[in-house]
Amino acid sequence: MKLLFDCDGTILDSMHIWLEPIGKLLDAYNFKLTTEQKGQIEALTFIDTVRWLNKNVCPERSEEDIINYFSDTITDAYKNSLMPKVGAEKTLRKLKDEGYDMCICSSTDRVHLENALKRLDLFDLFDFIQTPDTIGYKKNQIEYWQDALDKYQIKAEEAVLFDDALYAIKTAKKLGIKIVGIKDFPHNKNEWEEIKKESDIILDNIKDLDMEKIKNL
């Protein structure tokens, strides 16, 4: 069994770094996201998020202006301050000790994840880091998940995804990947009931993982 891990909101306590500045920008323009739009944004790379905001929210601003609005805060956070969620490091090391192969499947640009995971001494726990900016597919596309399976040369039923985002969970499940849904309130509170329905296992926190349940999936 291969384990595929989302990073932001699952391993790293980092969703606020993305959502707070986006929320402030949306509030400034009195723009209300639909559930569908929220899923679209979460699946995008950083530069595609900038382009989406530029097109749909603040077309009078330049892409460069929006990039500057986000860039320094995000880069600094991954390099210097973001921390793992409570118990995440211990759980990941235990899984590694149990012999599981693990990878990162994220929407965040690789450079940010690499900065954080190396700083936290977690980088070497993972076989590879898969991101839209490195493979050209997003987490709301079947091809994204098929690429991860192909890297491991396995069938979908031999993989388990740990994720807190409904759009990613639903897409991976279409292939037959098993799902561990992770609570990350308040960020996925509105989607939690549907996440529970889509998941084989649900966890309030990754630290609550029961190893026996993974073995029995």
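## Second largest pocket

The second largest pocket has a volume of about 190 Å³, counted as the space filled by probe spheres set on grid points joined across faces, edges and corners. A pocket here is an open set of points on a 1 Å grid over the protein atoms alone, where a 1.4 Å probe fits, with protein on both sides within 12 Å along at least five of seven lines; lining residues have an atom within 4 Å of a point. The model is predicted: local features need pLDDT of at least 70 and side-chain atom pairs pLDDT 80 or more, while totals for chains, interfaces and linings use all residues. Residues are numbered from 1 along each chain as its sequence is written, and side-chain values use heavy atoms, without hydrogens and water.

Among the residues lining this second largest pocket are Thr35, Asn140, Tyr167 and Glu194. Helix 9 (166-175) and helix 2 are the elements that give two or more residues to this lining, and helix 9 has the largest share, five. Helices are DSSP runs of H or I, at least four residues, and strands are runs of E, at least two, numbered from the N terminus.

## Largest pocket

The largest pocket has a volume of about 450 Å³. Of its 17 lining residues, Leu19, Leu33, Lys38, His187 and Asn190 lie nearest the centre. Helix 1 (15-28) gives the most to this lining, five residues.

## Strand 1

Strand 1 (residues 2-5) runs parallel to strand 2 (residues 101-105), joined by four bridges; two strands pair if DSSP finds at least two bridges between them. Leu3 stands opposite Met102 in strand 2, and Leu4 has Leu161 of strand 4 as its bridge partner.
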